[in-house]
Amino acid sequence: MSRVLDIRGLDAGYGHLQVVRQLSLHVDEGEIVALLGPNGAGKTTTLLTVSGLLAPLAGEIDVLGAPVGSRSPQALARAGCAHVPEGRALFGGLTARQNVALAAGRDRPAATQALAYFPDLEPHLGRRAGLLSGGQQQMLALARALASRPKLLLVDEMSLGLAPIIVENLLPILRRIADDTGCGVVLVEQHVHLALEVADRACVLAHGDVVAAGTAAELRQQPELVASGYLGAEI
Amino acid sequence: MGAVVVNGVFVGLIYGLLAVGLVVVYRVSRIVNFAYGETGMLCAFVFFGIRLHPTATRLVDHGILVALPAAMLLGAGIGAAMERIIARPLRTNPVLNGMVGTIATSLLFITLGIDLWGPDVHVTKPLVQGEGITLLGLVVSPQQLLIGACTVAILVALGTTYRFTSFGLRLRATAIDPYAASLSGINTDATAMGTWALAGALSAVSAILIAPLVAMNVVFMTFLALRSFAAALLGGLTSLVGAFCAGLLLGVAEGVITFKSPVAGMTDAVVAVGILVLLVVRPGGLVRASY
């Protein structure tokens, strides 16, 4: 099983503001790794750094076996690193079908295969993305990412603004995608128990430091480890 | 009066074409290119230079098939260079910085034009010759017919590119959200450069089409471009159709006001006040942003 993401001793942040300290994390093919923690823990910053939107302050990141270095976000995307950011970043003025077609390029079967995971989107493919419901937009964002046949998928806060029932439906699809395509997934998620249901491993960040890490099964058995990361809450 | 409207329509077509070029660039870089007219001016001088090339004994006309691609390539090259030198490095700065950069470039181009060709009016050669046609009792010149045909061809080509090609889809996506576009693997730098190059070529064609109808000197496009800035603003800066229609209306309105006005110079004042009023009432332009 090959490694699709390898982060070693990462310091990340914005200018002089360091948000993440000494993070080490890896993701293998077909594996889902949940990145958990309260707001401000550094989860989104980590994803932005992996996808080339932020330059790392220190440490090394290998994506699909090659250092991120100074590669641009579009170069990383073309290499197989798809990022579904917080807020989804859809092209609201384009139709759902056009959003997916953009990512697929000339590889039309990729668009069809990506959309097959989300049959509920089918009747809405001709509508502008900005007019879809929150759940449909999240499905579209995932489908668009999948249409580029990614080997590494970064999913940030897919539950943002969605009813828990929708997240419950979407997370198992993410599991299927990882199993079917062999795509490695980094999942940033606020619904801890739902994330641990589909993830293979998890890492809990608090104030930029790793406070807990292990297999999802281990963390499910020890909820106090996870809770300690959230504002020092006690079980 | 009918002839006035017809003439206004053809002037308006050029305003509209220029406004479309400004909008194309604005959508992708959020910069109004104030050197747009001067880019066209340089290309028009090169075009007519190739067509009216003097040798020791006679004028040598290399023909439109040589002159037009050369001028369009020059326009595209200038556009691409401006994207690389001005728009891209200043992308993360306030948009005003980029616009000041294009104003400086326009002055540079005028200075270059004066240095190369002097301040005087230059002779041009009609692109087409003939009697023209009579339409509903109004005479339409061959040059006007050419302007109409080229405008329709360019608009259809642009519309088709934007609506039905993957390049057009990438252009629209980059215009809507460059951040999301880069995450989708779109090379936003190449897309922006391609757009500026396209607009540069469009500026060349517009200037070449209008030059035989006006006095061609180094500022002949500057005044036309000022009108097209107004048209682009009225069109909301992001709508190609809005900008083109505003340019067309402006051309007709100008013609009618000039015809009816008892005072010379009244046209500029009326058009300026009209535009100011519209912008106060509708600061976002007459047409909503559309991609």
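How are helix 3 of chain B and helix 4 of chain B oriented to each other?

I worked from a predicted model, in which local features need pLDDT of at least 70, side-chain atom pairs count only at pLDDT 80 or more, and totals for chains, interfaces and linings use all residues. Residues are numbered from 1 along each chain as its sequence is written, with chains lettered from A and ligands numbered from 1 in the order in which they are written.

**Entry 1: helix pair, chain B**

I looked up helix 3 (residues 64–87) and helix 4 (residues 95–117) of chain B, whose axes come within 10 Å and cross at roughly 130°. Helices here are DSSP runs of H or I with at least four residues; axes are lines fitted to C-alpha atoms over the stretch in contact, and angles run from 0 to 180 degrees between N-to-C directions. The two helices are therefore oblique to each other (under 35 degrees is roughly parallel, over 145 roughly antiparallel, 65 to 115 roughly perpendicular, the rest oblique). I noted the crossing as right-handed (the near helix is turned clockwise from the far one by less than a right angle).

I then listed the contacts (C-beta atoms, placed from the backbone, within 7 Å). Met82(B), Ile86(B) and Ala87(B) of helix 3 meet Gly98(B), Gly101(B), Thr102(B) and Thr105(B) of helix 4. These residues divide into 3 nonpolar, 4 polar and no charged (Ala, Val, Leu, Ile, Met, Phe, Trp, Tyr, Cys and Pro count as nonpolar, Asp, Glu, Lys and Arg as charged, the others, Gly among them, as polar).

**Entry 2: domains, chain A**

I found domain 1 (3–80 + 151–229) and domain 2 (92–149) in chain A, with bounds from an automatic or database domain assignment. Their centres, taken over C-alpha atoms, are 23 Å apart. In the contact, 10 residues of domain 1 face 7 residues of domain 2. Helix 6 (residues 164–181) gives the most to the domain 1 side, with 5 residues.

Terms used
Contact = placed C-beta atoms within 7 Å.
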